[in-house]
Amino acid sequence: MSERTLEEIKHAIQQYQTIIIHRHKSPDPDALGSQGGLAELLRQSYPEKKIYQVGEAVGGLDFLITMDEIPDEAYQGALVIVTDTANTARISDSRYTLGDKLIKIDHHPNDEPYGDIAYVNTKASSCSEIIADLWQFFEDEWTLSEEGARLLYAGIVGDTGRFLFSNTSAHTFKIAADLRQFDFDATYLNRQLQEMPLKVARLSGIVYEQLEVDKNGAGKVILTQELLAELGINDLETSQIVSLPGVVDELVAWAIFVQQPNGHFRVRMRSKGPVINTIAKKYRGGGHPLASGANAKDMVEVEAIYQEIQEVCKNFVK
Ligand code: AMP
């Protein structure tokens, strides 16, 4: 984390009158928390500037934030900041190219460096943690609102699986504690993040029932369009069940294959030890070493990906 890059980011923010903040498609709490947290931080610190948050609809996470609708002209002479997004193909709202200057702020491996300034810290639990770092670095000049603190806290809770995953560091707890000093209802927020509609709870039962596990702890679940239609569940809503198999002690790494309307499968992979983003990268994806995503064109690729997961589980020494 270079202090010079932080200064460059602040300088760019000071220079521009309009700042438009993007994040990734199919947003999770960290995408929205980092996007909205940064927007709040800048609104509070520079009330005279126009600050927008844009992207596709946020689905069931609208208790966090909603998006601004802006015309293309708003991008003229604007600064665009993208949070929590490793590669340009995943940026929600393709108009991110229309601005005058582009900044990337992220915590995923920097496989596709993009933008005029890139600030990437893969040690951070979440992009929200990085935005909180940014706030604390310029604390003498910048002010965070309660709403900003709520959003950043939500992002950290989301990406650490409530402080359970290995990305949770002592620094993460320190930042979380600082955010909890703000006057927002963290208990209510945690409940909102945890709750799921009945149809998704029913899907959880199906996930456990259908989970296939080999002798080395490689797991797979296939969710077909037929099943999703029967339950009335869309792709975004399946995000809530991805980590569930983790409680099964026989499991080492697993993939959930979610069939899309075009027949392709969105692949969501998780691991308790073996690195799996190398597999994701081979199949049009990427992500973190232990939490990644990819795409499979058909059942042949689904099987090929599962075989690769089986291989890394077999070779994994605890
Ligand atoms: P998900 O399973 O969608 O929660 O994604 C887990 C992680 O993998 C996230 O950090 C994503 O940013 C990353 N990821 C998911 N899908 C892709 C993709 N198609 N390309 C690159 N990274 C991805």
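User: Hi! Is Ser-126 buried or exposed?

Analyst: Ser-126 is buried, at a relative accessible area of 0%. Buried means under 20% relative accessible area, exposed over 50%, and partly exposed in between, with a 1.4 Å probe and protein chains only. A word on the source: this is a predicted model, where local features need pLDDT of at least 70, side-chain atom pairs count only at pLDDT 80 or more, and totals for chains, interfaces and linings use all residues. Residues are numbered from 1 along each chain as its sequence is written, and side-chain values use heavy atoms, with hydrogens and water left out.

User: Thanks. Where does Ser-126 lie?

Analyst: In the loop between strand E5 (117–120) and helix H3 (127–137). Helices (H or I, at least four residues) and strands (E, at least two) are DSSP runs, numbered from the N terminus.

User: And which residues is Ser-126 in contact with, leaving aside neighbours within four places in sequence?

Analyst: Those are Asp-30, His-107, Gly-155, Ile-156 and Asp-159. Contact means heavy atoms within 4.5 Å. The side chain of Ser-126 also makes a polar contact, at 3.0 Å, with the side chain of Ser-125. A polar contact is a pair of N or O atoms within 3.5 Å; within protein, one must be able to donate a hydrogen and the other to accept it, and residues adjacent in sequence count only if both atoms are side-chain atoms.

User: OK, what about Ser-125, buried or exposed?

Analyst: Ser-125 counts as buried because its relative accessibility is 0%. Ser-125 is found in the loop between E5 and H3, and its side chain has a polar contact of 2.5 Å with the side chain of Glu-129. Leaving aside neighbours within four places in sequence, the contacts of Ser-125 include His-107, Ile-156, Asp-159 and Asn-167.

User: How many residues of H3 are buried?

Analyst: 9 of its 11 residues, so H3 is mostly covered. Among them are Cys-127, Glu-129, Leu-134 and Trp-135.

User: Switching to the ligand: which residues are closest?

Analyst: Arg-90, His-108, Arg-266, Arg-270 and Ser-292 are the closest of the 15 residues that surround the ligand. A residue is near a molecule or strand if one of its heavy atoms lies within 4 Å of it.

User: What lies 3.0 Å from an oxygen atom of the ligand?

Analyst: A polar side-chain atom of Arg-90. His-288 places a polar side-chain atom 3.4 Å from an oxygen atom of the ligand, and a backbone N or O atom of Arg-284 lies 3.5 Å from a nitrogen atom of the ligand. The protein covers 84% of the 480 Å² of accessible area that the ligand has on its own.

User: Which strand gives the most to that shell?

Analyst: E11, with 4 residues. Strand E9 (265–271), strand E10 (286–288) and strand E11 (291–296) each supply at least two residues.

User: Last topic: where does UniProt place the DHHA1 domain?

Analyst: The unreviewed UniProt entry places "domain: DHHA1" at residues 230–314. That span is 28% helix and 27% strand, and its end C-alpha atoms lie 35 Å apart.

User: And where does it place DDH?

Analyst: UniProt places "domain: DDH" (unreviewed entry) at residues 19–156. Residues 19–156 are 28% helix and 17% strand, with end C-alpha atoms 24 Å apart.

Technical notes:
UniProt positions renumbered as here; feature names shortened; annotations may be inferred. Areas by Shrake-Rupley, 256 points an atom, 1.4 Å probe, with all protein chains shown as cover.
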